[in-house]
Amino acid sequence: MPIRPQSRFATHASLYGLGSGALWVTFAGLMGTNAVNAQITPQPRGGDFIAHRVVAGDTLEMLAARYLGDRTHWTALQRHNRVDNPFQLRPGSVLEIPTRLLRAATASVEFVQGDVRSSRSLSHLADNANTDSATSQAVQKGQLLQEGDSLKVPANAFVSVRLADGSLVRVQSESDVELRQMRRKGRAGSLQSVIDLREGGVEASVPKQANGERRFEVRTLAASTSVRGTQFLVLTDAAGQTAAAVDEGSVAVQAGQPSALLKPGQGLAVSAGGPLGKPAAMLGAPDIAAWPALAEDANWVSLPLPAMPGAVRYQVQLAKDKDFTQIVRGGMFTQSPARLIGVEDGNYIAAIRAIDANGIPGARSLQALRVKAHPVPPHYESPEPDATIGLGQRGLQCTKVTEASAYRIQVASAAGNFSQPLLDASDLKDCILPADALAKLPVGEYQWRVASIRTLSNGQLDAGPFAAPQKMKLAQAPKSLDLQLDGGAGEGSRSIRWAGEEGQRYHIVVASEPGFATPVVDTWITQPQWSTQDLPAGAYYLQMQVEDRNGLRSNFSAARQFQTGNWVTSAEGQTLTSGDGSHLTRQ
């Protein structure tokens, strides 16, 4: 049987088919002789194995029982290692235990958000006569995953996978991973897990284990990480550029000699096909004191990005739980604010990490965030922003909302707030506050806001957020003016005058009937008089509206009747008519 080299690094390089200049990376919660090592580049399926160093008393039957869970499988170990005499194993030699011979384990989907798809890898399908499983299918919570299953996670989607040993793998949005290997030593022994991260990111939490037999690896094109009790994050892009950061535990990284040890709070970058970067301190946790505790916008959750030295972008995530097993939204952002769309009402934990120029994630900041955006508030209709309205003339009006059963309108002073509103109408069936309600307020500057109220299925009322306040002014409307008719005895009016004020405009409407259905004059003038000389002789009706320098308009005045033309009148001033009823005029 083959005898393996004795030096630690040479042993692992030989086991994984690596040359002397190959790169391998170790992640371990407790560094020491039990640390588990892994190769930098993924090997073909079937090429992975466990190295067992023979001690006195070992037999192939004992090893088959320990690793494969069945002592009768010793012949498979004999064939793989080409052992001539299974009863004479040389102490100090190394036997290979192919992981393909271990008992298969499964994983379960702990949480899924969005359209995550699963499929079987071609390498695993090659050993399976039923190739129907190659079809991509939607991932469901509670679903069991097998060795060889691939997960494709699109934007704004996430999935958390629980491995058989309790390890939790959180697959980030826009990621492509394969559960390359999930095997157990013996019948219920330690788990041997390998995850291929083709693109995107994974965050893993691996519980500590007393012995060093467990294997947990995350592989990319540029790096392989192997852990034993730690919490870490791995990001990679399509070109293979890889970065890792450690929150808990310790990480050993080696490219030939010497090796580097990453402690908690340190990260490392590896370029595809390039040299191993030096361990570096992760960026600190960003300052998020400016983040809101409540988000009320139905379009998105908006979170300002801090200005942090050394940061080139930020990873922002929103989860339903503090362990970030249930991530519902997230992304990478370079421009402030970060906006997460389509977030349902609820209580969340928001997180942010700064990413440095090497792609290494920094420490994470967390904050509780409540989203309450429904029912959405109405839009404002009338008056216009900053408009001046006359007391008793106009009310406040807004659009209806389909899910609303009532509306709430509040009015506060322009310099105050809404903690103690001056008006608070909380059960409006229509989104209108009538003019007579506003007439109770004195002249001045105000702000008003509106919210929707819906009735839930249990009959309870649920109020939504208020729209942003809108300013307005209340003023006394101009009074209707007294009109003076100018005409001599026996004559119709030649002009109409009134007492106006500087800066006022006047709206003149004239009709031949009191309903003003078809006006013959409809005009605005700036002087407090109007000439009737362009009208044909006859009887007319006039009403007038005044607009002051602030644009505030009075109500239309009551209709006034006047006559035009050089008519014959009696001594009492009455207009004389002919037998057919027409006015008599002087020639």
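In which strand does T564 lie? T564 sits in β45, which spans residues 560-564 (strands are DSSP runs of E, at least two residues, and helices runs of H or I, at least four, numbered from the N terminus). The model is predicted, so local features need pLDDT of at least 70 and side-chain atom pairs pLDDT 80 or more, while totals for chains, interfaces and linings use all residues. Residues are numbered from 1 along each chain as its sequence is written, and side-chain values use heavy atoms, with hydrogens and water left out.

T564 is buried, at a relative accessible area of 2% (buried is under 20%, exposed over 50%, partly exposed in between; 1.4 Å probe, protein chains only). Its side chain reaches the backbone oxygen of P536 at 2.8 Å.

Helix α2 (residues 60-68) has L60, L63, A64, Y67 and L68 as its buried residues. These cover an arc of only 100 degrees around the axis, so they fall on the same side of α2 (the arc is that of the directions from the helix axis to the C-beta atoms). After α2 comes G69, with a positive phi near 80 degrees.

Across the whole structure, 23 salt bridges turn up (a side-chain nitrogen of Lys or Arg within 4 Å of a carboxyl oxygen of Asp or Glu). In one of them, D176 pairs with K152, with the closest N and O atoms 2.9 Å apart. Since D176 lies in β13 and K152 in β10 (residues 149-153), the pair ties together parts 24 residues apart in sequence. D176 is buried at 14%, whereas K152 is partly exposed at 47%. K152 and D176 also belong to a salt-bridge network with E178 and R198.

Notes. Polar contact = N/O pair within 3.5 Å; in protein donor to acceptor, adjacent residues only side chain to side chain.
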